[in-house]
Amino acid sequence: LSVVIPLHNDEFEGMLFVRALADAVSKIDGCEIILVDSGSIDGTLSRMHKLAAAYPQIKLVYYAQDWGVGRAAKTGVLKSSGEKILILDPKSIFSLKTFEEMQVLLDSVNVVFGKRSAPLGRVEKLVVRTFSFFASRFFGKKSDYFCIMHGFRKDVAALLFNGLLMNCDLFPVELVYKIQKKGFSSVELQVAGEHGALNKYSLKEKLKLPVRLFLLWIKLLRA
């Protein structure tokens, strides 16, 4: 089992999440945790090294600049050695139940998509509905395109992440398209967590999301 955690300026809540995860998997033979830091400018990297010294199953990868959560996830996945690969969001609340459920589901499907039920404001709801309307028509149906918590079988993950075009936190949209095109089986699982990717966008950036979707669709058609 490999667990990939993309990080960026996550020295507090993110490191608490990693520690909780490391404690939970400390007795699982062959489990590795791959932390991929993308250009953090706070104390994330220092805390990563301290955790790696305390937990031998933790492996570190880091970039000097912020390449985006999609690039970080891709790096972690392609460096994974486990037959099952989980991508977890350090901005969520670690749930051992969800962690175990994702592994069980991967015995019967190729991909597990996380979906959240955190409450949204009026503007965010409108953005999500508009975004989902376009995304479902261009790329395939998914309940939560902004959730980055997913599980994959190793062979399927390699096919999906090799050549990933989307470096930002919208990379799950591209994955949905590839999964549908290749005919991989998938299922959705309710997970805990905030809509961090959505909350960090300004109103102007939120209004541009449908345009970004269309441009990604063109790139995928040409790939």
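Student: What makes Phe139 buried or exposed?

Tutor: First, a caution: this is a predicted model. The relative accessible area of Phe139 is 0%. Buried means under 20%. So Phe139 is buried.

Student: How many aromatic pairs does a search of the whole structure find?

Tutor: The search gives 4 aromatic pairs. Phe139 and Tyr177 form one of them.

Student: What makes the rings of Phe139 and Tyr177 a pair, and why is the pair edge-to-face?

Tutor: Take the distance, then the angle. The ring centres of Phe139 and Tyr177 are 6.1 Å apart. Rings pair if their centres lie within 6.5 Å. The planes stand at 75°, and planes over 60 degrees apart count as edge-to-face. So the pair is edge-to-face.

Student: Why is this pair said to tie together parts of the chain?

Tutor: Look at where the two residues sit. Phe139 is in the loop between helix H5 (122–138) and strand S6 (150–153). Tyr177 belongs to helix H7 (residues 171–182). The parts are 38 residues apart in sequence, so the pair ties them together.

Student: What makes the pair of Phe161 and Phe171 tilted?

Tutor: Their centres are 6.2 Å apart, with 50° between the planes. Stacked needs under 30 degrees and edge-to-face over 60; the rest count as tilted. The pair of Phe161 and Phe171 is tilted. Phe161 lies in helix H6 (residues 154–161) and Phe171 in helix H7, 10 residues apart. Both Phe161 and Phe171 are buried.

Student: Which residues do ring pairs link into a cluster?

Tutor: Phe152, Phe161 and Phe171.

Student: Now the whole chain. What is its secondary structure?

Tutor: The chain has 10 helices and 7 strands.

Student: Why is the chain called as compact as a globular protein of that length?

Tutor: Its radius of gyration is 17 Å. The globule rule gives 17 Å for 223 residues. The two values are close, so the chain is as compact as a globular protein of that length. The C-alpha trace spans about 45 × 40 × 30 Å along its principal axes.

Student: What share of the 223 residues is buried?

Tutor: Buried residues make up 50%.

Student: Which share of contacts between residues at least 6 apart joins residues at least 24 apart in sequence?

Tutor: That share is 82%.

Conventions: Residues are numbered from 1 along each chain as its sequence is written. This is a predicted model: local features need pLDDT of at least 70, side-chain atom pairs count only at pLDDT 80 or more; totals for chains, interfaces and linings use all residues. Side-chain values use heavy atoms; hydrogens and water are left out. Helices (H or I, at least four residues) and strands (E, at least two) are DSSP runs, numbered from the N terminus. The radius of gyration is taken over C-alpha atoms; the globule rule is 2.2 Å times the number of residues to the power 0.38. Buried means under 20% relative accessible area, exposed over 50%, partly exposed in between (1.4 Å probe, protein chains only). Contact means heavy atoms within 4.5 Å. Rings of Phe, Tyr and Trp (its six-membered ring) pair if their centres lie within 6.5 Å; planes under 30 degrees apart count as stacked, over 60 as edge-to-face and the rest as tilted.
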